[in-house]
Amino acid sequence: MENWVKTVHVNEFDSKPQVVAKLNSNEVLLVKSHEEYFALASKCPHLGMGLKGGKVDHAGKAITCPWHDSQFCMKTGKVRSWVTLSGIKKYLLFFIPKKTPINASVYNVKIEDDYLWVKPD
């Protein structure tokens, strides 16, 4: 298992589709979408807020940040939409750093012995 890190048992997803696990010294968000698993950095690249609890688009294989609605492809990490706020939130965003879209970090995932294994960069 060169460079692969054992994370959680697949049974963890029986009651919840998203699990945060340790990946060396970082946290990774593991997401089950239908029968496919994805791993991405647990923090949104915009302001470092948690992605856990974000809405998952199963057909598009994307997750939306629950804090500011940026959407990322769970397979590639590419930004699908970036900070879609309106009203006063949009005005306040002017004062918030990282206005330029930043892709999410994603990791390779495999299942072996009923555990999710994640390969760090």
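Predicted model: local features only at pLDDT ≥ 70, side-chain atom pairs only at ≥ 80, totals over all residues.
Reader: Which residues touch the most other members of the largest nonpolar core?

Author: This core has 15 residues, and the elements that give two or more residues to it are strand E1 (5-9), strand E2 (18-23), strand E3 (26-33), strand E4 (36-41) and strand E10 (115-119). Apart from it lies another core, of 14 residues, with Val-31, Trp-82, Val-83 and Ala-104 among them. In the largest core, the residues that touch the most other members are Phe-13, Val-28, Leu-30 and Tyr-107.

Reader: Which residue stands opposite Leu-30 in E4?

Author: E3 and E4 run antiparallel and are joined by six bridges. Leu-30 touches a number of residues beyond four places away in sequence, including Phe-13, Phe-38, Ala-39, Leu-116 and Val-118. Within E4, the residue that stands opposite Leu-30 is Ala-39.

Reader: Which residue in the turn between E3 and E4 has a positive phi?

Author: E3 and E4 form a hairpin, with two residues between them. In that turn, a positive phi of about 55° belongs to His-34.

Reader: How many of the six residues of E4 are buried?

Author: E4 is joined to E3 by six bridges, and two bridges join E4 to strand E9 (residues 106-112), again in the antiparallel sense. In the pairing with E9, Leu-40 has Val-106 as its bridge partner. E4 is mostly covered, and the number of its six residues that are buried is five.

Reader: Which residue of E10 is the bridge partner of Asn-108?

Author: E9 and E10 pair in the antiparallel sense over five bridges, and in their hairpin, which has two residues between the strands, Asp-113 takes a positive phi near 55°. E10 also pairs with E1, antiparallel and over three bridges, where Lys-6 stands opposite Trp-117. For Asn-108, the bridge partner in E10 is Lys-119.

Reader: What percentage of the residues of the protein chain count as buried?

Author: The protein chain exposes about 7200 Å², of which carbon and sulfur atoms supply 51%. A residue is called buried when its relative accessible area is under 20%. Of the 121 residues of the protein chain, the share that counts as buried is 40%.

Key
Residues numbered from 1 in each chain as written. Heavy atoms only, no water. Core = buried A, V, L, I, M, F, W, Y, C linked by side-chain atoms within 4.5 Å. Buried < 20%, exposed > 50% of the residue type's maximum accessible area, 1.4 Å probe, protein only. Helix = DSSP H or I, 4+ residues; strand = E, 2+ residues; numbered from the N terminus. Contact = heavy atoms within 4.5 Å. Pairing = 2+ DSSP bridges. Areas by Shrake-Rupley, 256 points an atom, 1.4 Å probe, with all protein chains shown as cover.
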